[in-house]
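I opened my notebook to look up a few things in this structure. My entries follow the order in which I checked them.

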Amino acid sequence: MKRNLPFKFAVFAALVPFAALRAESADRADLEALRAQVQQLEQQLKVLSRQLEIKEEAAAAAPPPKITLNDKGFTLASADNANWIKLRGLVQLDSRLFFNDGGGIANNAFVLRRARIISEGQFAKNFGFQLVPEFGGSSISVLDANLTVAVTPGLQLKFGKFKTPVGLELLQSDSWTFFNERSIVTNLVPNRDLGVQASGDLFDGRLSYQAGVFNGVGDGGSSTNADFDNEKDFAGRVFATPFKQAAGSPVQGLSFGVAGSIGREKTAAGRASSYRTDGQQTFFTYNAAVVADGENWRIAPQFDYRLGSFGAIGEYIVSTINARPSAAGAKAELQNKAWQIAAGYVLTGEDSSLNGVVPRNNFDPSAGTWGAFEVVGRYARLDVDDAAFPAFASAASNADSARSLGVGLNWYLAKAVAFKFDYYQTKFGFNAAAPAVSTAQILRQDENAFITRFQLAF
Amino acid sequence: MKIKSLALAALVFVPAALSLAKTIDLLNVSYDPTRELYVDYNKAFAAHWKAQTGDTVNIKTTHGGSGKQARSVIDGLGADVVTLALAADVDALYEFAKLVPQDWQKRLPNNSAPYTSTIVFLVRKGNPKGIKDWDDLVKPGVGVVTPNPKTSGGARWNYLAAWAYALKKNNGGEDAAKKFVAALYKNVPVLDSGARGSTTTFVQREIGDVAISWENEAFLALKEFGKEKFEIVVPSLSILAEPTVTVVDKVAKKHGTEAVAKAYLEYLYSDEGQEIAARNFYRPRNETIVAKYAARFPQLNLVTIDDTFGGWAKAQKTHFADGGTFDQIYLK
């Protein structure tokens with residue numbers, strides 16, 4: 001046993017270097033693996049650091065949301081304009097004076113004609129809303145409440161309550177009509193209604209269209225949540241500005257088109273439509289027992305023209321209804337017609353526009369500037385169908401026609417602030433069956449109204 | 001008497017003429033890698049304009065991802081001229097804001113692209129991963145640096161060059177091309193918003209094994225950071241990149257800079273303008289200058305956006321619009 005000891009030692013000694021070599025080789029492989037891991041981790045760390053750096057750079061470079069306060073309202077918008085909310089306002093305080101009205105039939109009065117806080121907005125670029133409560137008048141109401149989806153510039157969908165696309169002057173903003181009050185022609189078109197509408201601009205804005213389906217309202221009426229009946233009205237309008245791109249041409253600002261509506265109505269209760277003068281006094285109303293029963297339709301050719309400081313609008317409207325004097329009465333088709341032409345000229349040289357006059361210089365006495373002045377004139381006429389008398393309306397207490405002449409002066413102190421001074425004279429015509437002296441006191445003489453307005457619109 | 005009259009006239013007219021000279025501000029909104037080019041060019045043009053008209057023109061140039069820059073102009077950045085990475089970004093100025101006419105590209109020679117470039121690879125010295133062609137970029141473990149095609153014009157050229165290679169390799173197979181490009185973007189660890197950011201990622205932050213780069217940007221990296229650190233690899237196929245320029249009519253009209261803006265872009269086609277472009281590693285259009293710098297720019301097989309992709313409008317819609325091919329492959 002002892003003899004073997006040197007031999008074993010020799011073998012052990014011989015094997016040690018080999019074992020050391022193997023161990024060294026294994027260590028080197030481990031080291032390489034570790035080095036690769038460290039490099040990989042280092043690369044990952046660099047990537048993470050760079051990603052963080054890029055995020056920080058992007059955050060630093062990202063433009064902040066935009067806040068704008070100007071004569072178009074208060075706007076809060078995201079940096080890319082994809083989302084925004086705008087608050088606007090409209091306040092109109094009127095003074096109404098009536099002359100030679102046979103002893104104060106209509107009260108001379110101050111009237112808060114309109115008081116609105118308008119909220120509008122857009123989300124994710126293509127989805128919009130509008131909410132317009134009305135605080136003026138005797139009660140609070142919601143005038144407009146609608147949602148829009150912009151599919152393309154040529155197709156936008158609107159859902160909710162908004163203006164029916166028929167009357168030219170009615171579709172114009174309440175703030176920027178030539179006169180304080182829209183003409184008597186507007187009596188024949190539907191006002192705001194609940195429905196769904198498609199609209200858009202085509203051919204680089206040379207043609208616009210609206211087409212929709214609505215609950216359906218009578219002449220001059222606005223919809224509540226309660227529909228008259230199960231039937232629906234269809235309304236549409238096409239309006240062309242064919243020479244829009246013809247810069248410098250006298251016809252560049254000429255737009256024309258036609259609008260219309262068609263539907264059926266069958267009302268269980270009375271038909272509320274009544275027609276008012278420029279001074280907002282009623283000169284025609286159907287008897288309380290009248291019910292609509294059958295087709296109704298309207299057709300409204302219209303034009304707008306702007307050339308520098310000069311502007312003009314015109315429209316002709318035919319409104320036809322089928323109705324019965326009472327639920328059991330004989331049905332008749334009644335056709336009422338109206339037309340108007342109105343024009344304005346900005347004396348101080350600014351452009352006439354559907355969107356109001358923007359003074360070159362705001363009213364500022366200390367700077368010797370006075371804003372912009374515009375003179376306006378209008379003639380309008382409305383004729384009620386002869387067949388309406390006496391079964392559908394009393395000839396004794398209603399006029400069968402009204403002719404209105406208006407002149408006015410608009411003083412724009414700034415884009416958002418204006419005084420408007422309008423004088424209206426309305427003459428009435430009567431059915432052959434009417435008595436010599438109308439039983440309605442306001443119809444015994446012409447209406448002579450002087451309406452002054454102080455307006456804040458932004 | 002005659003000399004006195006001349007002296008008098010000089011006394012009157014020279015100051016008068018001097019007083020008529022104007023100082024004009026001009027804003028050029030450009031894309032990421034043109035910083036050095038327009039530093040040189042702006043100096044040259046200002047001197048040229050001064051000599052021609054006596055007016056002083058102060059030219060400011062902003063840089064960023066081409067798509068992002070176009071969006072800024074649409075949102076109201078008052079650019080008198082734009083010099084962007086590709087026609088689609090200039091088209092957007094017409095499409096979304098009508099700032100330029102629809103036919104803007106016909107107003108200057110060569111489709112309003114006064115210089116061109118192409119897409120190459122920038123690798124680390126010694127090319128440790130053996131990158132030779134596009135196929136090497138989709139191999140596992142290869143880190144590829146390229147910017148975000150949503151914001152960077154250069155990135156869109158990179159993407160389309162890869163797509164064109166895959167199309168050719170697969171005999172026009174769109175599905176195979178899509179898979180190839182998807183595999184390539186799986187190897188992209190960081191998406192910068194512009195080409196210059198990408199260069200920073202690769203060169204300074206030492207991320208990735210290969211950067212897909214504008215040729216001019218790759219040459220610049222070699223010049224700035226040393227040939228001992230980086231190499232350029234020219235792939236077997238690439239794309240002819242045509243950066244385009246135009247006057248932003250609505251803005252220039254408002255600023256009263258129409259004449260100088262037009263002259264600014266036209267001068268890019270002059271001998272001096274072309275020489276400056278070539279010096280800054282852009283491929284010039286002028287044949288004489290092309291010949292002079294022939295050794296600098298390698299010959300390679302180039303496809304065009306029109307021939308392979310049907311033009312920018314179609315390529316933009318197919319690949320880079322929301323929901324387009326890039327969104328599909330990158331979101332996956």
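Entry 1. I began with Leu87(A): how exposed is this residue? The model is predicted, and its relative accessibility for Leu87(A) comes out at 37%. Buried means under 20% and exposed means over 50%, so Leu87(A) counts as partly exposed. I then looked up where Leu87(A) sits, and found it in strand 3 of chain A, residues 84–99.

Entry 2. Two elements of chain A give two or more residues to the patch: strand 1 (66–70) and strand 2 (73–77).

Entry 3. Next I turned to the contact between the chains. I found 11 residues from chain A and 14 residues from chain B in this contact. The area buried between the two chains is about 960 Å². Carbon and sulfur atoms give 44% of that area. Which residues of chain B lose the most area to chain A? They are Asp75(B), Arg205(B) and Ile207(B), together 40% of what that side buries.

Entry 4. Between chain B and chain A I noted three salt bridges. One of them joins Arg50(A) to Asp192(B), with the closest N and O atoms 2.8 Å apart. Across the interface, eight residue pairs are in polar contact. Helix 8 of chain B (residues 195–204) gives three residues, the largest share of the chain B side that touches chain A.

Terms used:
Residues numbered from 1 in each chain as written. Chains lettered and ligands numbered in written order. Predicted model: local features only at pLDDT ≥ 70, side-chain atom pairs only at ≥ 80, totals over all residues. Heavy atoms only, no water. Helix = DSSP H or I, 4+ residues; strand = E, 2+ residues; numbered from the N terminus. Buried < 20%, exposed > 50% of the residue type's maximum accessible area, 1.4 Å probe, protein only. Contact = heavy atoms within 4.5 Å. Buried area = accessible area lost by both parts, 1.4 Å probe. Salt bridge = Lys/Arg side-chain N within 4 Å of Asp/Glu carboxyl O. Polar contact = N/O pair within 3.5 Å; in protein donor to acceptor, adjacent residues only side chain to side chain.
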